[in-house]
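Here's a quick briefing on the model you have open.

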Number of protein chains: 2
Amino acid sequence: MSDIQPGPSRARSVDVARLAGVSQAAVSRAFRPGGSISAKTLQKVMTAAAQLNYVPNSMARSLSTRQSNTVALLIGDLHNPFYATALDSFSVELQKLDKQILLFNAPRAGDLDGAILRMLEYQVDGIVITPATVSSRMTALCLDRGIPVVMFNRFIPGLSVSSVSCDNVAGGVLAAQTLVRSGGARFALISGGADTTTNRDRVNGFERGLLAAGVDIRQLLTRPGDYTYDGGYRAARSLLSSAQRPDALFCTNDIMALGAIDAARDLKIAIPDDVAVVGFDDIPDAARSAYRLTTLRQPLNLMVREALTLLLAEEAVPTVRVVKPRLVARQTTRSQEETIP
Amino acid sequence: MSDIQPGPSRARSVDVARLAGVSQAAVSRAFRPGGSISAKTLQKVMTAAAQLNYVPNSMARSLSTRQSNTVALLIGDLHNPFYATALDSFSVELQKLDKQILLFNAPRAGDLDGAILRMLEYQVDGIVITPATVSSRMTALCLDRGIPVVMFNRFIPGLSVSSVSCDNVAGGVLAAQTLVRSGGARFALISGGADTTTNRDRVNGFERGLLAAGVDIRQLLTRPGDYTYDGGYRAARSLLSSAQRPDALFCTNDIMALGAIDAARDLKIAIPDDVAVVGFDDIPDAARSAYRLTTLRQPLNLMVREALTLLLAEEAVPTVRVVKPRLVARQTTRSQEETIP
DNA sequence: CTGAAAGCGCTTACAG
DNA sequence: CTGAAAGCGCTTACAG
């Protein structure tokens with residue numbers, strides 16, 4: 001290695017010790033909160049440290065303590081405001097806890113296991129996985145090493161990892177009830193990631209809700225929307241151009257619902273009069289006057305806090321936490337009263 | 001430290017060496033690409049490693065090599081899709097380069113220096129700073145240690161750090177020209193972060209452009225919009241409700257422009273007929289049919305790649321890179337032809 | 001409270 | 001190609 005690389009003035013604790021006239025251990029103690037050290041020594045150390053621009057090396061500390069004080073965050077599609085907001089919330093909360101964040105972007109295709117391996121190399125204290133499916137081999141690896149893993153907004157049946165998610169079935173039922181009350185007669189559905197539990201549960205709930213209202217769900221039109229704006233737009237465009245145009249549409253997340261509303265806008269189809277729309281998540285955009293989307297709110301901040309509580313709990317027993325979604329009625333559905341006359 | 005903590009099976013290279021019947025150094029070589037090792041030994045090591053679920057400890061590696069292979073990302077408001085998209089782009093590119101990402105969220109108030117200090121503790125190989133102003137003392141600290149810093153979408157005059165930004169003055173001029181051509185007569189401006197160079201330059205350019213078109217800029221109405229949706233909404237609401245309602249509005253970023261458009265929508269003011277709007281950034285939302293915003297596109301991916309090139313350049317000479325914004329004309333302004341008749 | 005010393009788990013000249 | 005050994009920069013019993 002070239003000697004120029006590490007940079008000119010990178011003082012180590014020994015350098016500080018020498019300058020301060022104390023032992024290296026004293027310097028170490030000075031920088032550990034609660035280290036037993038006299039005020040006078042502390043003073044000497046701090047002066048010397050300031051003079052040398054000393055910053056403790058946390059790699060060395062981690063090696064000694066076997067704790068990296070780092071949490072890995074595996075996030076998905078940041079183009080979806082739900083996850084961008086979640087990331088914001090996670091990073092704010094973790095910073096409060098003085099944890100460093102190692103960020104991993106779930107690759108579009110495949111190799112999640114590689115990311116998990118790198119997390120293990122970096123000796124993270126915990127792992128939050130947001131939108132992705134992880135092999136049971138990898139979670140076993142983590143658990144084996146005593147590294148807690150929590151899935152956020154996903155639940156993987158049969159995997160013994162903690163998870164925090166919303167009662168997606170209940171949300172689906174609520175969506176159905178809301179569209180029925182809004183006066184819907186011909187129902188349609190735009191679905192998201194086919195292999196996700198969130199999507200499956202929301203769809204199941206929706207069908208269950210329709211059934212309970214006496215709707216013949218064999219008539220239910222379904223299009224995949226890929227959990228993206230463009231997917232939602234295209235799916236809605238197709239649905240709304242068809243001969244048997246639906247008048248009630250459930251999108252299994254908000255970003256697809258925004259696409260659907262814009263498709264209706266482009267087709268000059270009135271919302272909610274010609275077609276009512278319900279989404280899921282309550283992302284910030286849903287409230288804007290361009291959309292005013294009726295949706296099922298996921299209590300994001302609560303979910304983030306729950307996730308971190310599970311993650312950093314002393315005894316990491318895999319726990320499944322489910323929170324309730326809440327209906328936020330806006331202008332893309334008619335309220336019951338409006339429907340009656 | 002309780003012995004339970006570090007987790008049951010966390011094998012070290014010595015363990016692998018013992019099982020494989022080779023030296024610890026051989027294990028190390030097996031896991032370094034290009035390590036001089038025979039195929040046979042490699043084979044033995046890998047078998048033993050797999051058996052023990054061995055994962056190298058990168059803390060120890062970093063301590064030895066004095067390289068963490070980690071880049072710190074200091075990001076700002078993830079509620080602004082511009083930064084969410086930028087983060088996505090950075091994380092994808094850095095992952096390609098096999099760099100780990102240490103994520104820091106710029107606190108709403110103040111203490112950025114603390115974040116920088118923590119980055120230094122973690123021995124990061126480089127720092128990307130997105131939306132924030134950093135003290136020159138801190139950048140000096142970084143430079144001193146030979147840690148390259150690059151400012152993204154910010155330029156701090158007088159600070160000897162690299163930066164990548166858009167020609168914001170030129171963008172402001174273009175915004176003015178576009179609004180003039182669209183038939184504007186009474187101009188207004190919604191400004192962003194008061195202490196940011198991006199805002200200042202865009203405003204300067206805008207005024208310069210108006211001046212060049214013979215507009216009396218003493219008449220220019222200005223409102224602060226804080227670079228947020230809500231700020232833009234409120235500012236526009238105030239401007240559009242006033243007696244001397246402007247008919248041409250420049251918002252110094254897109255997210256404020258979306259707020260402005262929604263304010264006009266709520267006030268039943270037609271765009272672009274009653275008021276034309278130009279934004280800055282070209283975030284994904286700008287193209288949606290709910291908005292169809294005319295804006296100045298920042299070439300985000302190019303900027304991200306430039307930033308990483310500067311960051312990881314062998315010899316880190318502070319370099320200022322400026323890219324050109326490009327006008328994307330959509331429906332919130334009238335084209336020149338439409339204006340003539 | 002303080003210092004000398006062992007140890008965290010790797011990498012890498014050095015000698016063979 | 002391979003192993004023994006020093007070293008990366010801390011933390012933390014241990015003894016005083």
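A residue counts as buried if 20 or more other C-beta atoms lie within 10 Å of its own, as exposed if 12 or fewer do, and as partly exposed in between. S23(A) has 14 C-beta neighbours inside 10 Å, so S23(A) counts as partly exposed. Keep in mind that this is a predicted model, so to speak a computed picture throughout.

**S23(A) and its place in the chain**

- You'll find S23(A) in the loop between α1 (13-20) and α2 of chain A.
- Pair S23(A) with A263(A) and you get 240 residues of separation in sequence and 71 Å in space, C-alpha to C-alpha.

**The DNA strands**

- DNA strand D is surrounded by 28 residues, and the closest are S13(A), S28(A), A60(A), S64(A) and S36(B).
- On the surface near DNA strand D, two or more residues each come from α2 (24-30) and α4 (58-65) of chain A, along with α2 (24-31), α3 (39-52) and α4 of chain B.
- The top contributor to the surface near DNA strand D is α4(A), which gives five residues.
- Sorted by class, the surface near DNA strand D has eleven nonpolar, eleven polar and six charged residues.
- DNA strand C also has 28 residues around it, and the closest are S36(A), S13(B), S28(B), A60(B) and S64(B).
- For the surface near DNA strand C, α2, α3 (39-52) and α4 of chain A plus α2 and α4 of chain B each supply at least two residues.

**Where chain A meets chain B**

- Each side of this contact is made of 49 residues: 49 from chain B and 49 from chain A.
- On the side of chain B that touches chain A, the elements giving two or more residues are α4, α5 (81-96), β2 (100-105), α6 (112-121), α7 (136-144) and α11 of chain B.
- α5(B) gives the most to that side of chain B, with seven residues.
- The side of chain B that touches chain A holds 22 nonpolar, 16 polar and eleven charged residues.
- Strands pair across the two chains as well: three bridges join β2 (residues 100-105) of chain A to β2(B), and the two run antiparallel.
- L102(A) has L102(B) as its bridge partner in β2(B).

- Which residues of β3 (residues 126-129) of chain A sit on each side? G126(A) and V128(A) are on one side, I127(A) and I129(A) are on the other, and all are buried, so both faces are covered.
- β1 (residues 70-75) of chain A runs parallel to β3(A), with four bridges joining them.
- Within that pairing, L74(A) stands opposite I129(A).
- β4 (residues 149-152) of chain A runs parallel to β3(A) too, joined by three bridges.
- In β4(A), I129(A) has M151(A) as its bridge partner.

**The nonpolar core**

- The largest nonpolar core has 207 residues, and A260(A) and A260(B) have the most contacts inside it.
- Ignoring neighbours within four places in sequence, A260(A) touches I190(A), G232(A), Y233(A), A236(A), L249(A), C251(A) and V277(A).

- A cis peptide bond links I271(A) to P272(A), with omega about 5°.
- P272(A) sits in the loop between α11 (254-266) and β9 (276-281) of chain A.
- In chain B, the peptide bond from I271(B) to P272(B) is cis as well, with omega near 5°.
- P272(B) lies in the loop between α11 (254-266) and β9 (276-281) of chain B.
- R66(B) isn't a glycine, yet R66(B) has a positive phi of about 60°.
- R66(B) belongs to the loop between α4 (58-65) and β1 (70-75) of chain B.
- Is R66(B) buried or partly exposed? With 14 other C-beta atoms within 10 Å, R66(B) is partly exposed.
- Y227(B) also has a positive phi of about 60° without being a glycine.
- The loop between β7 (221-224) and α10 (229-241) of chain B is where Y227(B) sits.
- Y227(B) is buried, because 26 other C-beta atoms lie within 10 Å.

Definitions and conventions
Residues numbered from 1 in each chain as written. Chains lettered and ligands numbered in written order. Predicted model: local features only at pLDDT ≥ 70, side-chain atom pairs only at ≥ 80, totals over all residues. Near = placed C-beta within 6 Å. Nonpolar A, V, L, I, M, F, W, Y, C, P; charged D, E, K, R; others polar. Pairing = 2+ DSSP bridges. Core = buried A, V, L, I, M, F, W, Y, C linked by C-beta atoms within 7 Å. Contact = placed C-beta atoms within 7 Å.
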